[in-house]
Amino acid sequence: MRLGRILQQNLRYEDLQRIRATNVHVSVNKATLYRKPLAIRNASMQWMYDLNGKKYLDFFGGIVTVGVGHCHPKVNDALIQQINKVWHTTNIYYNEPFHAYAEKLASTLPGDLKTVYLVNSGSEANDLALLMARVSTGNYDVIALRNGYHGMSPNTMGLTGHSTWKQNSPHYFGIHHAMNPDVYKGIWGGESCRDSPVQTDRKCACSGGVCQAADKYVEQLEEVLTYSVPQRKVAAMFIESIQGVGGVVQYPKGYVKKAQDLIRKNGGVIISDEVQTGFGRTGDHLWNFESHGIIPDIVTMAKSIGNGFPMAAVVTTPKIAQSLANASHFNTFGGNPMASAVGKAVLEVIEEEKLQQHCKTVGTYFLKELEKFRAEFSNVGDVRGKGFMIGIEMVENKETRKQLALEKVLDIFEDLKDEGLLVGRGGHYGNVFRLSPPMCATKADVDFALPIFRKVFKKHAT
Ligand SMILES: Cc1ncc(COP(=O)(O)O)c(C=O)c1O
């Protein structure tokens with residue numbers, strides 16, 4: 001009887017609970033959101049439906065992964081057509097979809113970023129980028145930012161700057177963390193630091209367009225080179241162009257460019273982790289590193305790249321790519337025809353539906369409306385982000401910016417869900433609501449979400 005139900009995939013909520021308790025790794029259970037976890041049966045564009053058919057507006061996109069919309073018809077169609085032709089070849093043979101996709105993806109990137117290596121996850125992409133940086137520079141040490149997130153493989157767990165995401169086992173050598181240039185909670189930052197329609201409410205002494213915060217944080221980066229890196233010889237700096245898991249943290253304008261100059265001066269390359277910020281959702285550019293005025297040496301991408309299909313990529317210059325040619329390097333599934341067909345369809349949809357511009361327009365409207373909540377509610381400390389990558393930092397005290405206690409955050413989170421609105425959480429203390437809807441979400445969806453936020457924030461206001 002049970003087997004029959006499993007084959008039909010029509011499990012009841014209690015079945016899911018039982019299987020979780022007996023057959024699912026505890027870490028998977030820990031990753032599940034909500035005190036009463038949500039069981040999703042199907043989804044369409046920006047909407048998800050639970051086992052009872054209850055409808056939710058998805059403003060998290062499966063952790064910034066459903067880029068163009070759940071089950072987007074064009075992407076579905078591309079996958080179905082490919083499934084009926086050939087699933088798997090590996091790079092031991094040429095396959096058309098991979099080549100068509102590599103050419104298309106490379107055409108979206110500036111400068112010499114023209115060489116594509118497809119892999120299966122963001123962690124894998126960052127691992128490969130790290131390898132290329134070390135092999136191509138001949139240096140070993142790597143710098144990442146505190147509060148950054150780069151994955152869960154041993155190396156990328158090392159790059160990740162959160163104790164909460166680190167297992168007690170050796171997972172990094174030669175990785176150093178620099179002070180996070182967080183203009184809201186950091187030591188320095190003011191009211192015009194951010195590349196966002198909404199600034200912090202901190203006062204600022206900067207004048208003449210020169211951001212002192214950026215310089216101060218770059219001095220801290222320099223100190224890491226001086227005190228921690230052997231002979232200051234560095235292989236790379238990893239940087240998310242906006243921190244995602246860390247709670248949509250934006251750096252002061254100019255920081256990333258200055259950091260790049262410093263790292264290159266000391267022999268290293270810049271690796272832009274665009275796993276969350278890529279594919280247009282930040283509005284101004286397809287790749288958010290462009291908003292920092294840089295062209296990195298290596299770019300890693302995942303999540304929205306496949307709209308939920310497991311795939312990821314590393315794009316770099318031919319010169320850096322060439323450095324791996326001294327020994328063989330291989331990946332069984334990377335660049336498989338199904339992923340490549342999906343990836344190409346995703347890029348086409350972004351272009352055809354002008355989703356980047358759409359994110360800019362609707363996201364800016366959303367941010368300006370959310371800013372009003374900061375004035376209205378004592379617990380809303382900061383609103384930030386760009387396009388469809390938005391953070392709302394919940395605080396206990398606006399003066400000290402101390403995080404709102406987790407239990408209180410979870411009360412709000414649960415209520416938003418019960419009202420039919422799914423958002424994410426991030427930040428080291430889990431007190432930042434993260435809004436990263438599929439890029440097809442509309443102004444009408446935002447107008448549906450805003451009164452829910454108001455109602456729930458009001459209920460929990462102190
Ligand atoms: C910025 C960033 N880099 C890398 C990763 C790792 O990606 P994956 O979970 O696909 O390994 C994540 C995942 O959340 C991420 O947010």
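**A closer look at Thr-316**

Modeller: Thr-316 sits in strand β10 (residues 312-316). Strands here are DSSP runs of E with at least two residues, helices are runs of H or I with at least four, and both are numbered from the N terminus. The model is predicted, so local features need pLDDT of at least 70 and side-chain atom pairs pLDDT 80 or more, while totals for chains, interfaces and linings use all residues. Residues are numbered from 1 along each chain as its sequence is written, and side-chain values use heavy atoms, without hydrogens or water.

Thr-316 has 1% relative accessibility, so it counts as buried. Buried means under 20% relative accessible area, exposed over 50%, and partly exposed in between, with a 1.4 Å probe and protein chains only. Thr-300 is 16 residues away in sequence, and the two C-alpha atoms are 8.8 Å apart. Beyond four places in sequence, Thr-316 has contacts that include Asp-112, Leu-113, Met-132 and Ile-298. Contact means heavy atoms within 4.5 Å.

Next, Ser-241. Its place is the loop between β7 (234-240) and α10 (255-265). Ser-241 is also buried, at 3% relative accessible area. Its side chain makes polar contacts with the side chains of Glu-274 (2.9 Å) and Thr-277 (3.1 Å). A polar contact is a pair of N or O atoms within 3.5 Å; within protein, one must be able to donate a hydrogen and the other to accept it, and residues adjacent in sequence count only if both atoms are side-chain atoms. Asp-273 is among the residues in contact with Ser-241.

Asp-273 also belongs with the ligand. There, 13 residues surround the ligand, and Asp-273 is one of the closest, along with Gly-122, Ser-123, Gln-276 and Lys-303. A residue counts as near when one of its heavy atoms lies within 4 Å. Oxygen atoms of the ligand lie 2.8 Å from a polar backbone atom of Gly-122, 2.6 Å from a side-chain N or O of Ser-123, and 3.1 Å from a side-chain N or O of Lys-303. Helix α7 (residues 122-137) gives the largest share of the shell, three residues.

Last, the packing. The largest nonpolar core has 98 residues, and Tyr-255 and Phe-453 have the most contacts inside it. Such a core is a set of buried Ala, Val, Leu, Ile, Met, Phe, Trp, Tyr and Cys residues joined through side-chain atoms within 4.5 Å. Helix α12 (residues 337-352) gives the most to this core, eight residues.
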